[in-house]
Amino acid sequence: MKALLLPVLLCSSLAFANQTGAQKQFKCDEGHSFTIQMAAPDAIQLQVGWSYIPLPQVVAASGVKYSDGKTTVWLKGDTGFLEQNDVMVAKNCTLADAEEPLRPIRDAASGLIFIPPDRWTANRVQIHVKSGSEIPFYGESASQQFEYRFRTGDRQAQYALLDILVFPKAAWTKLATDKKPIGEVLGDDGQRVYVAQLPANNPFDPASPEGKEFIALQTNLKEVQQAFSMYGFVKKQAVESVTAKVMWLDRRLYPGAVLTVELRDVSRMDAPAEVIAKQTITLEQGTPPTVTLKFSPDAIDPRNTYSIGARLEMDGKLIKINDTHTPVLTRGAGREATVMLKNI
């Protein structure tokens with residue numbers, strides 16, 4: 001009978017459809033995700049945020065489709081998408097590897113870029129994105145909330161690791177001081193204010209297996225600040241920066257030498273590095289300086305790899321260069337780096 005419903009069915013979708021009780025998480029563009037569990041051979045239970053929605057299987061031209069008329073999950077192999085009220089709310093979704101780190105958020109609606117720690121994997125941390133009235137306590141003032149939750153072994157209980165609240169600037173300004181959320185302001189792009197909230201304590205006995213795992217997953221404000229940035233509000237204007245402390249091993253001074261420092265996208269192995277930002281300065285005293293490179297947040301893709309490159313020239317001749325990868329910005333790297341130059 002199922003063959004009549006699914007005339008074109010990809011193998012992995014069929015295998016999953018036969019596993020009653022099996023649970024799979026799909027990670028999608030802009031940090032969205034959803035989880036499905038086989039409730040019966042021809043039905044699933046969809047989890048989106050804190051909501052659980054039973055969906056029966058319906059006729060599909062290809063792949064596997066579950067829908068109650070308002071909410072639809074369509075799976076094709078290890079990919080899929082989620083629709084609610086005929087609006088695609090999660091697209092370009094792929095089946096998550098249990099040990100795969102969570103995807104970065106690059107959300108155009110909120111202007112938020114956030115790169116979760118690599119230790120936050122799909123089998124232990126889940127993200128929920130809420131908006132408007134769905135946001136507890138601040139539904140009338142905040143526009144969005146990004147929740148990262150530790151999932152215990154039974155998959156039901158979830159505990160806060162990090163919340164990022166996004167407030168329209170006007171709504172934030174109107175909030176009385178004693179009504180503002182407890183937390184730290186991460187940034188203000190002129191239109192929105194971003195606030196981070198971290199748990200005050202470990203909800204478990206620190207000596208228990210859950211308590212030890214929670215401690216291993218916990219983050220701190222400095223790590224969150226390094227993983228956070230904004231984009232989309234200011235176009236083609238350098239509003240973000242990285243700092244490079246340039247050093248060399250010999251203690252010589254090089255007055256009059258010309259130092260060039262670059263922020264580079266080194267993601268592609270088969271192409272020259274793309275220069276995102278560059279600064280060239282003449283060293284008056286000849287001492288190693290600290291250089292700040294400014295760039296547009298639109299120029300940074302959280303999926304890519306970025307590095308600092310530097311070289312020192314005297315009278316037009318290259319005398320020093322860094323020959324090691326110095327990562328910044330993404331994949332757990334911060335906004336500060338030390339660049340060691342070596343003699344040519």
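Let me start with Gly-256, which sits in the loop between strand 17 and strand 18, the latter spanning 258-265. Before going further: this is a predicted model. Gly-256 counts as partly exposed, because its relative accessibility is 40%. Which residues does Gly-256 contact, once neighbours within four places in sequence are left aside? They are Thr-282, Leu-283, Glu-284 and Met-314. Gly-286 is 30 residues from Gly-256 along the chain, and the two C-alpha atoms are 6.5 Å apart.

Now the overall picture. The protein has 344 residues, and 44% of them are buried. Its secondary structure comes to five helices and 24 strands. If you take the contacts with a separation of 6 or more, 55% of them are between residues 24 or more positions apart. The accessible surface is about 17700 Å², and carbon and sulfur atoms account for 52% of that.

Next, strand 17, which runs over residues 240-248 and contains Glu-240. Is Glu-240 buried or exposed? Its relative accessibility is 11%, so Glu-240 counts as buried; the cut-off for buried is under 20%. Not counting residues up to four places away in sequence, Glu-240 touches Ser-229, Met-230, Leu-293, Lys-294, Phe-295, Pro-297 and Arg-335. Phe-295 is 55 residues from Glu-240 along the chain, yet their C-alpha atoms are separated by 5.4 Å.

How many cavities of 30 Å³ or more does a search of the whole structure find? It finds three. The largest cavity holds about 120 Å³ of space. It is lined by 15 residues, and the closest to its centre are Ile-113, Ser-229, Ile-300, Leu-329 and Arg-335. Helix 5, residues 221-227, and strand 16, residues 228-230, are the elements that each give two or more residues to this lining. Strand 16 gives the most, with three residues. Sorted by class, the lining has 10 nonpolar, three polar and two charged residues.

On to the disulfide. The search of the whole structure finds one. Cys-28 and Cys-93 form it, with their sulfur atoms 2.1 Å apart. Where in the chain are the two partners? Cys-28 is in the loop between strand 1 (23-27) and strand 2 (33-40), and Cys-93 is in strand 8, residues 87-95. That puts the partners 65 residues apart, so the pair links distant parts of the chain. Cys-28 and Cys-93 are both buried. As for handedness, the torsion about the S-S bond of Cys-28 and Cys-93 is about 105 degrees, and the disulfide is therefore right-handed.

Strand 8 also brings us to some backbone geometry. Most residues other than glycine have a negative phi. Asn-92, which lies in strand 8, has a positive phi of about 50 degrees although it is not a glycine. Asn-92 counts as exposed because its relative accessibility is 51%; the cut-off for exposed is over 50%. Asp-86 is another case, with a positive phi near 65 degrees. Asp-86 lies in the loop between strand 7 (79-84) and strand 8. At 71% relative accessibility, Asp-86 counts as exposed.

Two more residues before I stop. Lys-278 is in strand 19, residues 274-282. What does Lys-278 touch, not counting residues up to four places away in sequence? The list is Thr-260, Val-261, Glu-262, Leu-293 and Arg-311.

Ala-216 has a relative accessible area of 49%, so it is partly exposed. Its C-alpha atom is separated by 9.6 Å from that of Trp-120, a residue 96 places away along the chain.

To recap the main points: one disulfide, three cavities of 30 Å³ or more, and a positive phi at both Asp-86 and Asn-92.

Methods
Residues numbered from 1 in each chain as written. Predicted model: local features only at pLDDT ≥ 70, side-chain atom pairs only at ≥ 80, totals over all residues. Heavy atoms only, no water. 1 Å grid on protein atoms, 1.4 Å probe; cavity = no way out; pocket = protein on both sides within 12 Å on 5 of 7 lines; lining within 4 Å. Points joined across faces, edges and corners; volume = space filled by probe spheres on them. Helix = DSSP H or I, 4+ residues; strand = E, 2+ residues; numbered from the N terminus. Nonpolar A, V, L, I, M, F, W, Y, C, P; charged D, E, K, R; others polar. Buried < 20%, exposed > 50% of the residue type's maximum accessible area, 1.4 Å probe, protein only. Contact = heavy atoms within 4.5 Å. Areas by Shrake-Rupley, 256 points an atom, 1.4 Å probe, with all protein chains shown as cover. Disulfide = S-S within 2.5 Å.
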